[in-house]
Amino acid sequence: MTEAFKIEECNEKVILVGVSFQEGDDAEDSLAELGELAETAGAQVVGTAVQSRDGIHPGTYVGTGKLQEIREMVLELSATGIICDDELSPAQLRNMEEVLECKVIDRTLVILDIFAARASTSEGKIQVELAQLRYRLSRLTGLGTSLSRLGGGIGTRGPGEKKLEMDRRLIKTRLSQLKRELGEVRQHREITRFQRNRSHIKVAAIVGYTNAGKSTLLNRLTDANVLEEDKLFATLDPTTRNLKLESGQEILLTDTVGFIRKLPHHLIEAFRSTLEEAKFADFIIHVVDASNPQRDKQMHIVYDTLQNLGVTGKKIITLFNKQDKLEQDVMCKDFHADKTLKISAANGEGLLELKSVLEELLREDKQLLEGMFPYDQGGQLPVIRKYGELLQEEYRAEGIYVRAFVPAELYHNLTTKMLSKE
């Protein structure tokens with residue numbers, strides 16, 4: 001007689017560990033966010049431990065006394081591992097594992113896990129694997145024995161699980177291959193960007209802290225069908241859609257990867273070509289979760305990240321989103337923005353006003369064209385309709401009278417086709 005066994009997926013139980021450098025810093029908020037990241041990655045948070053100290057311990061992240069306290073917590077709560085709120089060095093990782101005798105993960109690896117699970121396009125998968133391998137390569141020094149302790153973070157995802165005993169030479173070979181593939185993708189992206197410039201259609205990059213509602217906004221405006229989920233990094237791969245406004249003007253909206261505090265430099269480097277969509281955009285639409293008490297801190301992180309990417313001198317529209325979640329009106333300000341609006345992407349509140357603002361911005365970058373086209377130049381009107389804003393069109397005996405706003409780069413060419421005013 002055989003006995004049947006029911007196999008269930010083991011849900012990892014983790015303890016969050018952080019260091020607070022001074023009273024009033026954001027260590028508690030950062031740890032709460034780490035908890036959201038852990039849950040998004042599929043772990044269950046069973047406890048937290050924060051140590052106040054002048055700086056991170058170079059050998060064990062927290063002090064040795066605190067480490068023993070965490071070891072007792074691990075045993076008491078039957079935790080399978082701990083997650084530290086900062087990136088650990090190979091020595092810290094090794095020393096902590098030896099004392100705690102459980103899996104030790106850092107914030108970077110959790111974010112890499114989430115990105116690995118969410119990447120769906122070939123570009124996204126290349127970028128994630130590139131970031132993972134760079135992370136693992138930086139941790140080879142000092143481990144000595146094997147890569148088995150780096151076999152993944154929460155669950156098993158990514159290239160680390162394909163071959164745990166990869167040595168440095170194999171990783172570097174794979175890195176070179178991925179860089180070549182990513183270079184081809186980057187070249188394709190540059191060609192696409194060049195074609196957009198030739199079309200004279202302006203681009204607005206939608207940026208913001210993760211889970212601020214960027215994808216919901218894009219879906220509401222353009223029916224993009226991008227995944228919407230109340231989770232950190234719900235969408236990873238950028239999406240570009242065309243928005244046609246009331247006047248007939250068009251603008252391209254590009255959703256970008258969400259930002260987060262302590263965004264791993266491995267990811268910034270790997271996703272640079274994607275993040276640089278904001279750098280080459282004409283406008284920035286900054287989406288802020290107005291219902292989040294940490295909105296001011298999140299806005300600072302977004303602007304700091306944009307500055308690191310070289311995104312400067314752009315006109316910015318800041319949208320204080322999720323007004324439907326506010327029980328009372330809150331004072332929202334953004335001194336970096338050229339225009340601020342209160343919206344709810346979920347129910348459409350404020351989106352008509354947003355479209356009006358976009359109309360105004362597009363018009364500012366156009367010149368007023370006024371005059372008469374001979375009838376043999378009637379083919380210029382479709383060009384004006386497509387790339388400009390046709391205000392008036394009259395068919396007269398001597399030709400077609402036109403009054404329109406057109407892109408500055410087309411203005412001179414169009415005026416040469418018009419009848420002389422003399």
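Author: The open sheet has four strands in the order 2-1-3-4, with parallel pairing; strands are DSSP runs (E, at least two residues) and helices are DSSP runs (H or I, at least four), both numbered from the N terminus. Two strands count as paired if DSSP finds at least two bridges between them. This is a predicted model, in which local features need pLDDT of at least 70 and side-chain atom pairs count only at pLDDT 80 or more, while totals for chains, interfaces and linings use all residues. Residues are numbered from 1 along each chain as its sequence is written, and side-chain values use heavy atoms, with hydrogens and water left out.

At the edges of the sheet stand strand 2 (44–52) and strand 4 (103–106); each has a single partner strand, so one side of each is left without a neighbour in the sheet. Neighbouring strands are turned by 25° against each other on average, direction ignored; axes are lines fitted to C-alpha atoms, for helices over the stretch in contact, and angles run from 0 to 180 degrees between N-to-C directions.

Within the sheet, four bridges link strand 1 (residues 13–20) and strand 3 (residues 81–84) in the parallel sense. Here valine 17 is placed opposite cysteine 84 in strand 3.

Helix 2 (residues 64–77) lies across strand 1, strand 2 and strand 3, where contact means heavy atoms within 4.5 Å.

A separate pairing is antiparallel: six bridges join strand 6 (residues 239–244) to strand 7 (residues 250–255).
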